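Notebook open, model loaded. I wanted to go through a few spots one by one and jot down what turned up.

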Amino acid sequence: MTLRLTTHTVSTDTDDGAVLLSQRTGHYWQLNQTGAYALQRLLDGHTLDQVVEEFAAHFDIAPAQAHQDLTAMTAQLQSSGLVEAG
């Protein structure tokens, strides 16, 4: 699964990561640097499995934990209407 921002979502990089703003609802999400990096990898066309592999190796965590964390983040962003499967 790759992702793309919905047409009404604006993303802005910050010193601490990124902020996603829904222009439709006015709600925003703040992502830390790790979350922002993961989202950018997905927006760049990498699959969830590829990003999971990268994170598991880089952060020395179990692939199952990386998968759970990234799946939870993407599910929340999708249910908030900020991103959609691409």
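Predicted model: local features only at pLDDT ≥ 70, side-chain atom pairs only at ≥ 80, totals over all residues.

I started at Thr-6, which sits in the loop between strand E1 (3–5) and strand E2 (9–14).

Is Thr-6 buried or exposed? I got a relative accessibility of 10%, and the cut-off for buried is under 20%, so Thr-6 counts as buried.

Next I checked what its side chain pairs with. The side chains of Thr-6 and Thr-9 are joined by a polar contact of 2.6 Å. A polar atom of the Thr-6 side chain also lies 2.9 Å from the backbone oxygen of Gly-81. Leaving out residues up to four places away in sequence, I found Thr-6 touching Gly-81, Leu-82, Val-83 and Glu-84.

Then on to Val-10, in strand E2. Val-10 came out partly exposed, at 31% relative accessible area. Together with Leu-21 and Tyr-28, Val-10 makes a nonpolar surface patch of about 270 Å².

Last stop, helix H1 (residues 33–43). Which of its residues are buried? I listed Gly-35, Ala-36, Ala-38, Leu-39 and Leu-42. Looking down the axis of H1, I saw these buried residues fall within an arc of 165 degrees, so they line one face of the helix. Their cover includes E1, strand E3 (17–22), strand E4 (28–32), helix H2 (48–59), helix H3 (63–79) and strand E5 (83–85).

Asn-32 caps the N-terminal end, with a side-chain oxygen 3.1 Å from the backbone nitrogen of Thr-34. Just after H1, I noted Gly-45 with a positive phi of about 105 degrees.

Technical notes
Residues numbered from 1 in each chain as written. Heavy atoms only, no water. Helix = DSSP H or I, 4+ residues; strand = E, 2+ residues; numbered from the N terminus. Buried < 20%, exposed > 50% of the residue type's maximum accessible area, 1.4 Å probe, protein only. Polar contact = N/O pair within 3.5 Å; in protein donor to acceptor, adjacent residues only side chain to side chain. Contact = heavy atoms within 4.5 Å. Patch = residues over 30% accessible without salt bridge, like charges linked within 9 Å, V, L, I, M, F, W, Y side chains within 5 Å. Areas by Shrake-Rupley, 256 points an atom, 1.4 Å probe, with all protein chains shown as cover. Salt bridge = Lys/Arg side-chain N within 4 Å of Asp/Glu carboxyl O. Arc of directions from axis to C-beta.
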